[in-house]
Amino acid sequence: MLPSLSFSVQVRPLIADQLARGRVRVEAVAKQLNMSRHTLYKKLKQENLTFAVLLEDVRRERALAYLQDRSKPLAEIAELLGFSELSAFSRAFKRWMGASPAEYRSATEQARASQPEPELAAA
């Protein structure tokens with residue numbers, strides 16, 4: 001990886017990749033970076049971060065993206081994010097955003113619907 005990037009910027013995509021495969025394991029991320037779990041923790045601590053905080057950030061970012069896709073049921077989104085059940089995802093999402101996933105999805109759809117359509121430029 002590029003040494004000029006902060007370490008956490010290098011770790012985030014590895015977490016996202018594992019999340020997409022189903023289960024995030026710190027040992028697997030450390031192995032991809034050719035280091036021990038202890039070294040990974042130490043390097044993140046130098047940036048005042050923890051692996052758990054990065055995982056939660058990646059989950060939140062992915063959740064917001066997934067909620068844009070109206071065809072994805074909330075239970076599927078919860079599973080894609082590695083939550084054991086929808087209720088666990090809903091609790092986490094409410095902590096992150098102050099609203100349940102369903103409330104958030106509904107509010108963003110209403111906001112989008114109330115926006116005027118952009119005018120097409122004359123050719």
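Lys 72 touches Tyr 66, Ile 77, Leu 80 and Arg 105, where residues up to four places away in sequence are not counted and contact means heavy atoms within 4.5 Å. The structure is a predicted model, in which local features need pLDDT of at least 70 and side-chain atom pairs count only at pLDDT 80 or more, while totals for chains, interfaces and linings use all residues. Residues are numbered from 1 along each chain as its sequence is written, and side-chain values use heavy atoms, with hydrogens and water left out.

Lys 72 lies in the loop between H4 and H5; helices are DSSP runs (H or I, at least four residues), numbered from the N terminus. With a relative accessibility of 18%, Lys 72 counts as buried (under 20% relative accessible area; exposed is over 50% and partly exposed in between, with a 1.4 Å probe and protein chains only). Ser 71 is also placed in the loop between H4 and H5, but Ser 71 is exposed, at 61% relative accessible area. Between Ser 71 and Gln 115 there are 44 residues in sequence and 21 Å in space, C-alpha to C-alpha.

Helix H4 has 17 residues and should span 24 Å at 1.5 Å a residue, which agrees with the 24 Å between its end C-alpha atoms; the expected span is 1.5 Å times one less than the number of residues. Buried in H4 are Phe 51, Leu 54, Leu 55, Asp 57, Val 58, Arg 59, Ala 63, Tyr 66 and Leu 67. The cover over these residues includes H1, H2, H3, H5, H6 and helix H7 (101-114).

The axes of H4 and helix H6 (residues 86-97) come within 11 Å and cross at roughly 95 degrees. This makes H4 roughly perpendicular to H6 (65 to 115 degrees). On the H4 side the contact is made by Glu 56, Arg 59, Arg 60, Ala 63, Leu 64 and Leu 67, and on the H6 side by Phe 89, Phe 93, Arg 95, Trp 96 and Met 97. By class, seven residues of this contact are nonpolar, none is polar and four are charged.

In H1, the buried residues are Phe 7, Ser 8, Gln 10, Val 11, Leu 14, Ile 15, Gln 18 and Leu 19. They cover an arc of only 165 degrees around the axis and therefore lie on the same side of H1; the arc is that of the directions from the helix axis to the C-beta atoms. The buried residues of H1 pack against helix H2 (26-32), helix H3 (37-46), helix H4 (51-67) and helix H5 (74-80). Just after H1, Gly 22 takes a positive phi of about 125 degrees.

Conventions:
Helix = DSSP H or I, 4+ residues; strand = E, 2+ residues; numbered from the N terminus. Axes fitted to C-alpha atoms, helices over the stretch in contact; angles between N-to-C directions. Parallel < 35°, antiparallel > 145°, perpendicular 65-115°, else oblique. Nonpolar A, V, L, I, M, F, W, Y, C, P; charged D, E, K, R; others polar.
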